[in-house]
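Subject: Structure for you to look at

Hello,

Here is the structure I said I would pass on. Please open it beside this email and follow along.

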Amino acid sequence: MHQATVIPHRKIIREWLAPIVTKNTAYAICLVVMDLLLFGLALSAAVLLAQPALQVLAGIVTGLVIGRLFILGHDACHQSLTPHRRLNRWLGRLVFLPSLTPYSLWDMGHNVVHHGYTNLKDFDFVWQPYTLDAYRRLPVWRRVLEQVYRSGWAPWLYYGLEIWFKRMYFPSKKLMPTRRGIFTADCLLVTAVTVAWVTALVYAAYATGQSPWWLLSVAFFLPLLVWNALIGFVVYVHHTHTRVAWYAQKKDWSAASPFVSTTVHLTFGAGIGNALHHIMEHTAHHVDMSVPLYRLKQAQALLEAKLPGHIVIQPFSWAWYFETARRCKLYDFEQQCWTDFAGQRTS
């Protein structure tokens, strides 16, 4: 373990990264085109393959490619995919459509709230843990649901219900007090894409002599289930770790250099990091959102060299993941530790 250095001001750290931030429009467009082609091929395979097992496999691959497209859109939404703001907005909307993500609402919830207040209680809502008292005040059905969410088996349910359905698809005024025309327009766009996708699959089912329900299952519901599981898992492991804290007071949160300390760099083998467009090099992304995804690996390595002892680096294994899920149920903000559902300290 390296001796921890003092974390410098964020402005200084960004100066370290300045030579890395260069954006490449041609390369970004190539990535978009490649992943759109992969999406089209995988979806076509789910529709046209003769064997049901191969259709299921193609549906799973389609969901994973939706994840790749979303990561490109995530970069575009941060204005880091290309140097052109308008192009980023159009590309972002385009590659968000397979995941049925309303661009402007994601922008508000992710860029403004999550990045502005990462792991700050009552601000950052993504996987925010309850305290023991707050958990005990929940109705029984909601306590059971929280147990399911934090079991490790249901990131798909958490993201689909708590993030997409409640906060991004025609969100209520309670959860989204700001009302803008672009929010409604993006939700209507997502609705139109959903109707077109479902209609095309029903037509394809009759044209190929297949059951419409079967084709909807393998070429619509299954890809979206895989996508929700992927994004729910990714946002969970990015900021949930026994060494990562949550904060109740803004002054304590600010003092903790949250752009570094609340983020996990999860490492993988077998090219998985490349397959996920380097989104797991997540500390560099939180330090400077303008770093393009195709330069995150270099930026992360630089930060880890200059800030030894401060960045949480976690080699991924399913044993680690389920142990984290077992230990990180509730949070004690006074003791700054994770607890189980009985309030017993686990970190």
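Below is what was found in it, taken topic by topic.

Please keep in mind that this is a predicted model.

Helix H3 covers residues 52–77, which makes 26 residues. From its first C-alpha to its last, H3 reaches 37 Å, close to the 38 Å expected at 1.5 Å a residue. After H3 comes glutamine 79, with a positive phi near 60 degrees.

On the surface there is a nonpolar patch formed by Leu49, Leu54, Leu57 and Val61. Together they have about 310 Å² of accessible area. Leucine 49 sits in the loop between helix H2 (25–48) and H3. Its relative accessibility is 33%, so leucine 49 counts as partly exposed.

The largest pocket holds about 1200 Å³ of space. It is lined by 49 residues, and the closest to its centre are Phe125, Val126, Tyr158, Ile163 and Arg167. Several helices each supply at least two residues of this lining, among them H3, helix H5 (103–114) and helix H10 (212–239).

Most residues other than glycine have a negative phi. Aspartate 122 has a positive one, near 70 degrees, and lies in the loop between H5 and helix H6 (132–137). Histidine 278 also has a positive phi, near 65 degrees; its loop is between helix H13 (272–275) and helix H14 (282–287).

Which of these two is buried, and which is exposed? Aspartate 122 counts as exposed because its relative accessibility is 59%, and the cut-off is over 50%. Histidine 278 is buried because its relative accessible area is 15%, and the cut-off is under 20%.

Regards

Methods:
Residues numbered from 1 in each chain as written. Predicted model: local features only at pLDDT ≥ 70, side-chain atom pairs only at ≥ 80, totals over all residues. Heavy atoms only, no water. Helix = DSSP H or I, 4+ residues; strand = E, 2+ residues; numbered from the N terminus. Expected span 1.5 Å × (residues − 1). Patch = residues over 30% accessible without salt bridge, like charges linked within 9 Å, V, L, I, M, F, W, Y side chains within 5 Å. Areas by Shrake-Rupley, 256 points an atom, 1.4 Å probe, with all protein chains shown as cover. Salt bridge = Lys/Arg side-chain N within 4 Å of Asp/Glu carboxyl O. Buried < 20%, exposed > 50% of the residue type's maximum accessible area, 1.4 Å probe, protein only. 1 Å grid on protein atoms, 1.4 Å probe; cavity = no way out; pocket = protein on both sides within 12 Å on 5 of 7 lines; lining within 4 Å. Points joined across faces, edges and corners; volume = space filled by probe spheres on them.
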